[in-house]
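Welcome, and thanks for taking a look at this one with us. Please have the chain open in your viewer as you read the notes below.

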Amino acid sequence: MHESMKKILEKIKEYDKILIFRHFRPDGDAVGSTRGLAEILKLTFPEKKIYLQNADFSEYLSFYGKEDELLPDEEYADALGILMDTATRKRISNQKFELCKEYVKIDHHIPVEDYGVIQWVEELRSSTCEMVAAFYDAFKDELKINAQAATYIYTGMVTDSGRFRFRDVSGETMRLAGVMLDQGVDTDTLYSHLYMRDFDSFKFEAYVHRKMKISPSGVASIYVSKAMQKKFNLSSEEASSAVSYMDSIKGSLIWLAFIENQDGSIRVRLRSRFVTVSEIAENYRGGGHACAAGATVYSKKEMKKLIAEADERLKNYKENNEGWL
């Protein structure tokens with residue numbers, strides 16, 4: 001058991017009001033971990049006030065319904081904040097978390113910034129949802145769970161691990177996933193929501209395959225312009241999915257998706273196999289995991305520079321390593 005787990009449970013018991021936060025542009029892990037922990041706490045401590053407090057929303061996970069409305073500023077002063085799946089404070093969706101009396105950090109990303117009266121960070125965990133599952137499992141004699149909470153948590157475990165394919169998946173990951181499944185997760189319905197796609201998305205995937213580029217060393221990349229997003233009627237999340245369409249190309253150990261935002265900035269999603277890309281992301285206002293990271297660039301020139309850095313890194317890896325495909 002991580003030493004911070006018991007401290008966080010004790011801190012939760014101290015407060016009558018708990019506000020739970022996550023990063024902006026939420027993925028399955030951010031939504032699943034916050035919703036899952038909130039549900040566990042509501043079941044265990046029905047006398048406490050538990051609220052999700054986030055300033056944006058996930059269309060991808062809209063089947064779970066809306067989150068709580070934002071509270072007036074004065075409601076934060078006597079509350080404990082729990083900040084989840086977020087390596088840095090600037091990426092937290094609702095910046096009013098600073099108004100909380102105290103806050104703690106629960107995260108599985110590479111540590112970038114220290115914050116919170118308690119920090120529980122395990123970068124080798126496959127997801128923050130795995131950490132929530134471990135939290136429940138460690139204190140299952142006093143914490144309560146139901147099928148809904150387990151479904152939230154399992155959602156993040158599945159999505160952040162690439163359906164349990166990524167390198168951070170361990171035996172412990174699978175055992176904790178089993179603990180969640182034992183609560184009655186309806187995987188047929190869940191997987192239908194997560195992976196069934198509109199026909200237009202297949203047209204977009206075909207377009208990505210036609211338009212993507214491969215660098216001399218094998219970096220695959222695609223630029224998803226605002227015009228392309230309009231042509232295929234894509235949400236920001238759907239546009240970002242382009243990165244997953246390039247993940248199975250032999251010899252391409254790094255793949256990048258550049259998504260033009262409405263303000264003209266360009267969101268970058270970096271993915272890799274074997275090769276570390278988080279350090280590249282850190283050079284472009286981002287960060288993340290060794291093989292899955294995000295960044296932001298502000299011009300085509302900067303985009304080309306990032307691709308060149310990735311190409312050089314991949315070239316060096318191939319020259320000095322064996323066994324890659």
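Helix axes here are lines fitted to C-alpha atoms over the stretch in contact, and the angles run from 0 to 180 degrees between N-to-C directions. With that in hand, helix 4 (residues 147-160) and helix 6 (residues 187-195) have axes that come within 11 Å and cross at roughly 50°. Please keep in mind that this is a predicted model.

**Helix 4 with helix 6**

- Angles between the roughly parallel and roughly perpendicular ranges, that is from 35 to 65 degrees, count as oblique, and helix 4 and helix 6 are therefore oblique to each other.
- The crossing in which helix 4 passes helix 6 is right-handed.
- On the helix 4 side, the residues in contact are Thr-151, Tyr-154, Thr-155, Val-158 and Thr-159, and they meet Thr-187, Leu-190, Tyr-191, Leu-194 and Tyr-195 of helix 6.
- Sorted by class, this contact of helix 4 with helix 6 holds six nonpolar residues, four polar ones and no charged ones.

**Helix 1 with helix 3**

- Helix 1 (residues 3-14) packs against helix 3 (residues 128-138) at an angle of about 80°, and their axes are 11 Å apart.
- Angles of 65 to 115 degrees count as roughly perpendicular, and helix 1 and helix 3 are therefore roughly perpendicular to each other.
- Helix 1 contributes Met-5, Ile-8, Leu-9 and Ile-12, which meet Ala-134, Phe-135 and Ala-138 in helix 3.
- By class, the contact of helix 1 with helix 3 has seven nonpolar residues, with no polar and no charged ones.

**Nonpolar cores**

- In soluble globular proteins, nonpolar side chains tend to be buried together.
- Which members of the largest nonpolar core touch the most other members? Of its 49 residues, they are Ile-20, Ile-82, Phe-135 and Met-180.
- Phe-135, setting aside neighbours within four places in sequence, is in contact with Met-5, Ile-8, Leu-9, Ile-12, Leu-37, Trp-120 and Leu-143.
- Another core, of 22 residues, lies apart from the largest one, and its members include Leu-256, Leu-270, Tyr-284 and Leu-314.

- Most residues other than glycine have a negative phi.
- Asp-85 is not a glycine, yet its phi is positive, at about 60°.
- Asp-85 sits in the loop between strand 3 (80-84) and strand 4 (102-107), and it is buried because its relative accessible area is 1%, where the cut-off for buried is under 20%.
- Phe-274 is not a glycine either, and its phi is positive at about 75°.
- Phe-274 belongs to the loop between strand 9 (266-272) and helix 10 (278-282), and its relative accessibility of 38% makes it partly exposed.

- Is Glu-302 buried or exposed? At 17% relative accessibility, Glu-302 counts as buried.
- Glu-302 is part of helix 11 (residues 300-320), and it touches Tyr-284, Arg-285 and Val-297 when residues up to four places away in sequence are not counted.
- Asp-73 lies in the loop between strand 2 (49-52) and strand 3 and counts as partly exposed, at 39% relative accessibility.
- Leaving out neighbours within four places in sequence, Asp-73 is in contact with Lys-96 and Leu-99.
- Asp-73 and Gln-119 are 46 residues apart along the chain, and their C-alpha atoms are separated by 24 Å.

Methods: Residues are numbered from 1 along each chain as its sequence is written. This is a predicted model: local features need pLDDT of at least 70, side-chain atom pairs count only at pLDDT 80 or more; totals for chains, interfaces and linings use all residues. Side-chain values use heavy atoms; hydrogens and water are left out. Helices (H or I, at least four residues) and strands (E, at least two) are DSSP runs, numbered from the N terminus. Angles under 35 degrees count as roughly parallel, over 145 as roughly antiparallel, 65 to 115 as roughly perpendicular and the rest as oblique. A crossing is left-handed if the near helix is turned anticlockwise from the far one by less than a right angle, and right-handed if clockwise. Contact means heavy atoms within 4.5 Å. Ala, Val, Leu, Ile, Met, Phe, Trp, Tyr, Cys and Pro count as nonpolar, Asp, Glu, Lys and Arg as charged, and the others, Gly among them, as polar. A nonpolar core is a set of buried Ala, Val, Leu, Ile, Met, Phe, Trp, Tyr and Cys residues joined through side-chain atoms within 4.5 Å. Buried means under 20% relative accessible area, exposed over 50%, partly exposed in between (1.4 Å probe, protein chains only).
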